[in-house]
Amino acid sequence: MSIAEEESPSVMPKVITFLCSLLERVAESNDHNHHLQQHQKISVFHGLTRPNISIQCYLERIFKYANCSPSCFVVAYVYLDRFTQRQPSLPINSFNVHRLLITSVMVAAKFMDDMFYNNAHYAKVGGITKVEMNFLELDFLFGLGFHLNVTPGTFQAYCVHLQREMLLIQPLNFSDSTLNLGQSLKAHLCFNEDECSHQKQKQQQQLAV
C-alpha cells in the first residue's frame, strides 16, 4: 500500500511521520548553520519567534482539521522542494516551516482535491489571520513560478523517497550539511525531478538491452 493511500481515520498516515522527520532535520540543520548563511532573506513566512507547537503536532492538526487527502501532503512536499530550489536565499528553518507547511498543504489541496476548505478555514487551522493566509498563498505561488502540476512519476518518486526517510534517519553532520531544503533533499535523499527522469530513461535503456 502506498503511503499516500487512505488509512484508518484513527491512524495518522505514514506520510505525516515521514514528512515531519525530514522537515525537523532540515530546520534543525538550518537553525544550527544560521550564522554561516550569507544573503538570507526575511520573507512573509518568517515569524518573529519560533512557534510553540512542534512540526509533528502542527502537521497532525492540519491533517485533522483540513480534511484533505494524504496525497496532498506528498504534493505539498513536492511544492516545498520546488519552492526552496527556486528560492535558495529562503532556507527552511524553525521560524518559517509552519507557515510554509500550512500554505503548501492548502495549495496542494486546491490543486488535488475536488472539495477543499477556503482560505479562512486554513487560516484558523494554521493559527494565523485570513489576510496573512492570502498573502502567504500569493507569495508561495509566485515563489513556485506557478509550477503546480505534479506528474504521476514525480508523485511516486517523492513517495518512495519519503518512505526511505525512515531508513535514512541518522544524526546530521552539521559541518557538511547544506543550507536549504532543495540542496538538503539532494544530499540526504539524492533526488530531484530531473534526476528522476534521467534515471527512468536509463532503466528503460537497460531493460531494452
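**View 1. L138 in helix α6 of the predicted model.** L138 is found in helix α6, and the structure shown is a predicted model. With a relative accessibility of 46%, L138 counts as partly exposed, because that class lies between the limits of 20% for buried and 50% for exposed residues. Together with F142 and F146, L138 forms a nonpolar patch on the surface. The accessible area of these three residues is about 330 Å² together.

**View 2. Helix α4 and its span.** Helix α4 covers residues 97-112. Its 16 residues, at 1.5 Å a residue, should span 22 Å.

**View 3. The surroundings of helix α4.** Of the 16 residues of α4, 12 are buried, so the helix is largely enclosed by the rest of the structure. Among the buried residues are V97, H98, T103, S104 and A109. The buried residues of α4 pack against α1 (14-32), α2 (55-66) and α3 (70-86), and also against α5 (119-126) and α6 (130-143). Helix α6, one of these partners, is the helix that holds L138 of View 1.

**View 4. L101 within helix α4.** L101 is found in α4 and has a relative accessible area of 0%; L101 is therefore buried, as the limit for a buried residue is under 20%. Apart from its neighbours within four places in sequence, L101 is in contact with L19, L23, I55, Y58, L59, I62 and L80.

Key. Residues numbered from 1 in each chain as written. Predicted model: local features only at pLDDT ≥ 70, side-chain atom pairs only at ≥ 80, totals over all residues. Heavy atoms only, no water. Helix = DSSP H or I, 4+ residues; strand = E, 2+ residues; numbered from the N terminus. Buried < 20%, exposed > 50% of the residue type's maximum accessible area, 1.4 Å probe, protein only. Contact = heavy atoms within 4.5 Å. Expected span 1.5 Å × (residues − 1). Patch = residues over 30% accessible without salt bridge, like charges linked within 9 Å, V, L, I, M, F, W, Y side chains within 5 Å. Areas by Shrake-Rupley, 256 points an atom, 1.4 Å probe, with all protein chains shown as cover. Salt bridge = Lys/Arg side-chain N within 4 Å of Asp/Glu carboxyl O.
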